[in-house]
Structures are given as C-alpha cells and as structure tokens.
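Visitor: I have a structure open and would like to learn how to read it. Could you walk me through it, feature by feature?

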Amino acid sequence: MLIVWFFAAQALPPYQLPGPIKVGDKLAWLVATPAGLWHVAASIFHVAAAMLASFVLGFFVALLPLYLPVAVIMVDGRFTPFVNSFPGIGWTMLAIVWLGIGTNTVVFSVTIILLPFMIINLREGVRALDRELMEMAGSFSRSRARAFRLIILPSLFPFMFSAMRVSFGVSWKVTLTAELLGGTTGLGYLMNVARQELDTAQIFAVMLLIVLLVYAINRLLFDTAQRHLQLGRVGAAS
Amino acid sequence: MTARARRSGWLGQHAAAEGLVMLAVLGWWWMSNSLSAMVLPSPVSVLKRTFDLFVDPELSRHALVTFLRVAGSVFISLVVGLALALLARRAQWIDAIVRDRILVALNALPSVGWAILALIWFKASTLSVMFVQVMILLPFAVTNFMEGLRNLDAEVVEMAHSFTRRRRAVFAKITLPMMLPYGVAALRTSYGICWKIALVAELFGAQSGLGQLMLRAQAAADATTVLATCFAIVVLFAAGQKLVIDPIARAMRADLHQP
C-alpha cells in the first residue's frame with residue numbers, strides 16, 4: 001500500500017496527495033520537536049480533562065434514579081435523549097460565543113458531547129444491578145455507603161470500563177473538531193492552519209498520528225486493563 | 001408493588017421529567033432576558049426560526065438537502081459494507097486485511113480530517129459531503145455485517161447446500177434473510193451516527209445544507225439561527241427515526257417471522 005501511495009503521489013500535485021516521505025517529515029516534526037509536542041500534549045490534555053469531567057457528571061446522572069426513583073423518566077426519557085441528539089458542532093459553536101476561543105471552549109464542548117456515551121453505558125450498568133444482591137446487602141447492613149462501596153461500585157466496574165472505552169474513541173474525533181473551530185492549541189488547531197495553507201502533508205500527518213495514538217492507547221491501556229479486570233473477576237469467582 | 005403504587009410512581013416520574021423540561025425552558029427564557037440575543041437568544045425566537053427552517057422555501061431547501069444526503073450516505077455505506085463483509089468471508093487473508101487494517105484505520109480517522117481532505121479532493125459539493133459520511137459510516141456497517149456472517153448458522157447453510165447447488169439461491173433464500181437483523185442494526189447505528197457527523201461534513205465541504213447554514217450564522221454572530229439549526233437536526237433525526245427507520249425495522253422483523 002505504501003508503494004501505491006508513493007507512485008500515486010508522484011503523479012498528483014502535492015497539495016492533493018503528498019508523498020509518504022513528506023508526510024513522514026511532518027510526522028517527525030510533530031513528535032520530535034518541542035513545538036510539535038506542545039500541540040500533541042495540548043490535545044491529550046483536552047481529551048483527558050473532558051473524559052474525566054464527563055465521567056464524573058455522567059456517573060452522578062446515571063446513579064440519580066437509583067436513589068431518587070422519581071427521576072427515571074427525567075434521566076432516561078428527557079435528559080439523555082436531548083444531549084444525545086443535540087449536534088456536537090452546535091455545542092462548539094455556542095461555546096465559542098459563551099466562553100471565547102480557547103481551552104475552556106474545547107473542554108466544555110467535548111465534555112458535553114461525551115456525556116451521553118457515559119450516561120448510556122453507566123445506566124445500562126445500573127439497570128443490570130442485581131436486585132436480590134442489593135436486597136441481601138440491605139439485610140446485612142443498614143449503611144448505604146457500605147452497600148454502595150461493596151456492591152454497587154464493583155457491579156458497575158465493567159460498565160464504567162466500557163463507558164471509558166467508547167468515549168475514548170469518540171473523544172479524539174470530537175476534540176479535533178472542537179480544536180479546529182474553537183481552539184488555539186492542539187492537533188485540531190494545527191489542522192486548521194494546514195487547511196488554510198493547503199498543507200495537505202500536515203493534515204495527513206495529524207490524521208496518521210491520531211490513528212497511531214488511538215491504536216496504541218487502546219492496546220496498551222484498555223486491552224491490558226480489560227485483561228486484568230477479567231482475571232480479577234475469575235479470581236474472585238474461584 | 002401494587003398497580004396503584006406503580007401508577008402513582010409513573011405519574012410522579014412524568015411530573016418530575018416534565019417539570020425539569022419546563023424549568024430548563026423557563027431558566028433559558030429568564031437568562032435570555034438579561035443577555036443579548038447574540039449570546040443567548042430567547043426560546044421564542046429560536047422556536048420561530050426552527051419553524052422557519054422547515055417552511056420558508058429558501059431555508060427548507062437546506063434542511064431537505066441535508067436529509068437527502070444522510071439518506072443517500074446511509075444507503076451507500078450499507079451496500080458497500082455488505083459487499084466488503086461478503087468479500088472478507090471469501091479468504092482468510094482478505095478478512096485479515098479488512099479487520100486489522102481497513103477497519104482499524106477507518107474507525108480511528110476523524111470526520112474533520114476526511115472533511116478537509118474531501119474539500120481538497122472534490123471541491124465543495126454534495127460528492128464531498130457524502131464521501132465524508134460514507135467513510136465514517138463504513139466501519140460500523142462492515143463490523144455489523146461481519147458479525148452477522150460470523151453468526152450464520154453453519155448447519156442451516158450446509159443443509160441448504162445439500163438441497164441445491166445454486167449458490168445464488170442459497171444466498172438469496174438463506175444468507176440474506178439470516179443477515180437481516182444485523183442489517184437493521186447496521187441501519188440504525190449508521191443513521192444515528194450520520195446525523196451526528198452530517199453537520200461536520202457540511203461545514204467545510206458544501207455550498208448548501210444545514211451545516212453551511214450554521215457556519216454562516218456563526219460567522220454573522222447569529223446565535224438564534226445556530227440554535228435553530230441544532231434543534232432542526234434533532235427534529236429531523238427523530239422524524240426520520242419514527243417515520244422511516246422504525247417502520248423498516250418492524251417490517252423486516254415481521255418478514256422474518258413469517259413461515
């Protein structure tokens with residue numbers, strides 16, 4: 001495939017399809033110079049901050065109906081469908097008006113876009129909570145905090161994990177969009193600069209880097225964590 | 001739980017839910033009173049503009065174009081996805097390429113990246129928008145169909161082959177019907193995702209559509225139209241789901257259960 005790319009690039013003007021060598025140069029600039037690394041670090045920060053914020057928010061919203069049964073339709077029938085169907089770009093555009101261009105806008109809009117993914121996964125976990133197990137916990141101890149720590153939290157672990165995993169994949173893509181429209185740092189911002197200068201090699205390099213990053217983090221972090229989680233559960237059962 | 005208790009729970013839940021919605025709209029209206037319309041327009045003006053997006057001939061053209069593009073892209077990605085999944089079943093090495101290279105890359109590539117590349121390659125046009133949408137939808141369609149093919153009942157297929165040698169007949173009578181549930185799942189997923197990225201795809205690579213409308217409104221600091229476009233998307237998405245996707249899913253399910 002690399003060879004096909006190389007020859008196709010020879011035949012087409014570089015602004016339409018840059019060659020692999022030029023893209024490699026740009027990629028090296030991104031990961032090996034302070035200026036390039038600064039933008040990579042900024043994007044990683046945006047993703048991490050937004051994931052953390054949306055996880056905490058989503059956790060509260062998903063658990064609310066468990067302690068306040070009257071809120072079931074409020075969460076499942078109103079709030080979640082609304083944030084889930086409201087377009088992400090809309091949030092970014094509004095954030096630009098409300099918060100100006102910068103880190104706040106990027107983190108805010110990515111947080112809200114990730115929120116439904118977190119809620120939907122965690123709600124699934126709350127719904128799957130074993131009623132009988134909860135009842136038993138209640139008969140053993142009156143402490144709600146203990147039941148939460150010993151029963152609810154461990155039962156939710158797999159769902160938290162899948163919430164994180166799904167959001168992680170989404171977060172990179174929407175962070176790029178948010179940075180492109182409303183950021184002053186990050187890979188999305190670089191992409192916007194490249195777009196204006198018709199620097200297609202830069203666009204390729206950014207996209208390639210994101211594919212590599214997502215793949216590497218999925219493999220190193222999530223796959224490893226998943227193996228440990230499963231081992232832990234098997235160990236507990238035996 | 002008695003029926004009465006359940007009923008009151010249901011009532012209370014609805015009261016709480018509708019209460020929240022009303023509170024949110026009221027809060028919005030109250031805040032919009034003290035803020036300029038450029039920052040936060042009032043709910044009434046946004047509602048009016050959203051209505052305009054569907055009835056005003058000049059504006060409704062944009063909504064229609066966006067809807068047609070979504071429908072077209074979903075259809076194309078389903079067809080191409082099925083073809084790729086069937087191709088992957090032919091040989092181990094194709095399967096490996098599709099699964100470990102094409103799917104991994106397509107899944108990770110961001111829609112904005114495609115949007116900018118499409119703009120450079122195809123100029124601002126419907127082709128460019130639909131290219132972006134298909135590229136994003138394809139991995140979901142392929143994954144669903146591959147899953148379906150993997151779960152094909154091998155014994156049923158074997159039985160079919162013992163009845164006839166005509167591969168085409170087996171494909172049409174056995175393989176395709178057994179794939180239907182996965183096709184419906186692929187349709188649902190693709191439809192939802194396509195609306196999510198429809199705006200991004202149109203932001204750069206189009207001269208019409210709701211994405212363009214929103215970009216122009218944002219540039220003109222017209223927050224009313226930005227919000228109205230967002231709500232128009234929500235309405236269009238829900239309408240398509242209720243009027244097109246759900247009936248198709250139901251029809252397919254009914255078809256499946258017929259003897």
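This is a predicted model: local features need pLDDT of at least 70, side-chain atom pairs count only at pLDDT 80 or more; totals for chains, interfaces and linings use all residues.

Visitor: What is phi of Lys123(B) near?

Guide: Phi of Lys123(B) is near 60 degrees, which is a positive value in a residue other than glycine. Ala221(B) is another case: not a glycine, yet its phi is positive, at about 55 degrees. You'll find Ala221(B) in the loop between α9 (210–219) and α10 (223–257) of chain B.

Visitor: Now the helices. How do I describe two that pack together?

Guide: Two packed helices are described by the angle between their axes and the distance between the axes. The axes of α5(B) and α6(B) cross at roughly 145 degrees and come within 9 Å. Their crossing is right-handed. From α5(B), the contact takes in Ser111(B), Trp114(B), Ala115(B), Ala118(B), Leu119(B), Trp121(B) and Phe122(B). From α6(B) come Leu127(B), Ser128(B), Phe131(B), Val132(B), Met135(B) and Ile136(B). By class, that contact of α5(B) with α6(B) has 11 nonpolar, 2 polar and no charged residues.

Visitor: At what angle does α5(B) pack against α8(B)?

Guide: Helix α5 (residues 111–122) and helix α8 (residues 167–205) of chain B pack at about 30 degrees, their axes 8 Å apart. Angles under 35 degrees count as roughly parallel, so α5(B) is roughly parallel to α8(B). This crossing, too, is right-handed. Ser111(B), Val112(B), Ala115(B) and Leu119(B) of α5(B) touch Ile197(B), Val200(B), Phe204(B) and Gly205(B) of α8(B). Sorted by class, those residues are 6 nonpolar, 2 polar and no charged.

Visitor: And how does α3(B) lie against α6(B)?

Guide: Helix α3 (residues 57–90) of chain B packs on helix α6 (residues 126–150) of chain B at about 40 degrees, with the axes 6 Å apart. That angle makes α3(B) oblique to α6(B). Again the crossing is right-handed. The contact of α3(B) with α6(B) has 20 nonpolar, 6 polar and 2 charged residues.

Visitor: What about chain A? How many helices and strands are there in chain A?

Guide: Chain A has 10 helices and 0 strands. Along its principal axes, the C-alpha trace of chain A spans about 75 × 45 × 30 Å.

Visitor: How do I judge the interface between the two chains?

Guide: The size of an interface is often given as the accessible area lost when the parts come together. Here chain B and chain A bury about 3600 Å² between them, with 80% of it on carbon and sulfur atoms. The contact takes 39 residues from chain B and 38 residues from chain A.

Visitor: And the charged pairs?

Guide: Side chains of opposite charge can pair when their charged atoms come close. Between chain B and chain A the count is 1 salt bridge. Glu18(B) forms a salt bridge with Arg78(A), the closest N and O atoms being 2.7 Å apart. Over all chains, the structure holds 13 salt bridges.

Visitor: Where in chain A are Lys26(A) and Asp199(A), the pair that links distant parts of the chain?

Guide: Their side chains meet in a salt bridge, 3.1 Å from N to O. Lys26(A) is in helix α2 (residues 20–32) of chain A, while Asp199(A) is in the loop between α9 (187–196) and α10 (200–237) of chain A. The two are 173 residues apart.

Methods
Residues are numbered from 1 along each chain as its sequence is written. Chains are lettered from A and ligands numbered from 1 in the order in which they are written. Side-chain values use heavy atoms; hydrogens and water are left out. Axes are lines fitted to C-alpha atoms, for helices over the stretch in contact, and angles run from 0 to 180 degrees between N-to-C directions. Helices (H or I, at least four residues) and strands (E, at least two) are DSSP runs, numbered from the N terminus. Angles under 35 degrees count as roughly parallel, over 145 as roughly antiparallel, 65 to 115 as roughly perpendicular and the rest as oblique. A crossing is left-handed if the near helix is turned anticlockwise from the far one by less than a right angle, and right-handed if clockwise. Contact means heavy atoms within 4.5 Å. Ala, Val, Leu, Ile, Met, Phe, Trp, Tyr, Cys and Pro count as nonpolar, Asp, Glu, Lys and Arg as charged, and the others, Gly among them, as polar. Buried area is the accessible area (1.4 Å probe) that two parts lose on being put together, summed over both. A salt bridge is a side-chain nitrogen of Lys or Arg within 4 Å of a carboxyl oxygen of Asp or Glu.
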